[in-house]
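Trainee: I am new to this structure and would like to go through it slowly, one question at a time.

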Amino acid sequence: MAVLAKSSRCVLRPLLPLVQIWDLDARRWVRALRRSPVKVMFPSGEVLERRRLPRKQPHELASEAKSQGQKPKPPPQMSSSQTPRSWEETGLRYDKAYPGDKRLSNVMTIVKSRPFREKHGKILLEGHRLIVDALKAGAVPSVFFFSRLEYIKELPVDKLKGVSLIKVKFEDIKDWSDVVAPQGIMGIFAKPDHVKMTYPETQVHNSLPLLLICDNLRDPGNLGTILRSAAGAGCSKVLLTKGCVDAWEPKVLRAGMGAHFQVPIINNIEWETVPNYLPPDTRVYVADNCGLYAQAQISNKAIDHNKGADRRFLKFHKYEEKDVDTGTDKDWLPELEVQNYDMDWTEAPAAVVIGGETHGVSLESLQLAESTGGKRLLIPVAPGVDSLNSAMAASILLFEAKRQLRIRAELMSRNRSFH
């Protein structure tokens, strides 16, 4: 019995590993079947070959589904996150300025020069808001300098075709910028033509029979503020005579806060051609920034020339000359009636002349006012005050005209309703 037991143990021992090996092989074969193999080999030695069917093209599947009366499945659409947004897919390219690249410095040097701007018709715009306003109005860009790609991607892609895009370091933009905290993007545009510009529809619809004429304005900050007030009041256009600071100077653009692209601006015109830009029956009114002189006229007080000319009246005394025969002062200033600014003066289309604080208004502006039946507008000031700032005086007069025109329009609508 012991021998039989021992022999049986000897016979049974190799059976256990055989079963385990078969189990592992079976699992491996099952996994192989799930993978759809090309050839399957069984333990018995049998070999089974499987032929792969040719893969049908999408147009073949569509035609087959059509023949069976089924609608072909539309191709999967890409989500907004998968939409191509790279510069290569949009067809845009940009260059990178390397150390020592002189393109930025050379361009900035010539663009900031007024003779170059007038000769080549180029202007410089800085900041996202100003550039977007210019693009909306139809201004044509030629070059953009930017420090981060996101600044360019925020601009309309259709407006960037054919424009040179140059990525520079922020330090380079900071060196050439006039602002304390640059926004990291600058653009060179062709000088806008007011005839070809597309101004906002609301601005055009709400424009008033009111014009602004700038005379001898030399301060960029004042001119930019005046242009902003003109756009806010609803002026139909702004005329800048020779002697004024360039309206497209960077400081004027920054102070204007986009007003250049909201109201037509005609720059650097001669006084002889000013009437060509005025609507028919326009009356020209002068705000000469010398309220004391006008107050003396209103109160019929004569200026005592024997005491010497006060510096506040030098703007007008420059138009006086000595009579050789009598030795007295001969005044050849046009005789203009003076009235307070809050009295009605908008019964006809009006044009307001704003003079500079240093040189005042020109003789040509006074002559034009006299020929059109205009007057001199007085903003009363407290005794001892020289005059108002040009930008402040312009804002007061323009919004006073807006108020008078609004009241006149309300009265006309009431009269129509009664009839």
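Mentor: We are looking at a predicted model, and in it the largest pocket holds about 330 Å³ of space.

Trainee: Which elements give two or more residues to the lining of the largest pocket?

Mentor: The lining consists of 20 residues, and those nearest the pocket's centre are Glu126, Gly127, Leu130, Gln183 and Arg254. The elements that supply two or more lining residues are β4 (122-126), α7 (128-137) and α12 (250-256).

Trainee: How many residues in the lining of the largest pocket are nonpolar, by class?

Mentor: Sorted by class, the lining includes six charged residues and four polar ones. The nonpolar residues in this lining number 10.

Trainee: Is strand β10 largely enclosed by the rest of the structure or open, and why?

Mentor: Strand β10 covers residues 265-269, and a residue is called buried when its relative accessible area is under 20%. Four of the five residues of β10 are buried, so the strand is largely enclosed by the rest of the structure.

Trainee: Which residue in β10 is the bridge partner of leucine 239?

Mentor: Strand β9, residues 237-241, runs parallel to β10, and three bridges join the two strands. Within this pairing, the partner of leucine 239 is isoleucine 266.

Trainee: What share of the residues in the chain is buried?

Mentor: The chain as a whole has 16 helices and 16 strands. Of its 419 residues, the buried ones make up 37%.

Methods:
Residues are numbered from 1 along each chain as its sequence is written. This is a predicted model: local features need pLDDT of at least 70, side-chain atom pairs count only at pLDDT 80 or more; totals for chains, interfaces and linings use all residues. Side-chain values use heavy atoms; hydrogens and water are left out. On a 1 Å grid over the protein atoms alone, a cavity is a set of points where a 1.4 Å probe fits but cannot get out, and a pocket is an open set with protein on both sides within 12 Å along at least five of seven lines; lining residues have an atom within 4 Å of a point. Grid points are joined across faces, edges and corners, and a volume is the space filled by probe spheres set on the points. Ala, Val, Leu, Ile, Met, Phe, Trp, Tyr, Cys and Pro count as nonpolar, Asp, Glu, Lys and Arg as charged, and the others, Gly among them, as polar. Buried means under 20% relative accessible area, exposed over 50%, partly exposed in between (1.4 Å probe, protein chains only). Two strands pair if DSSP finds at least two bridges between them.
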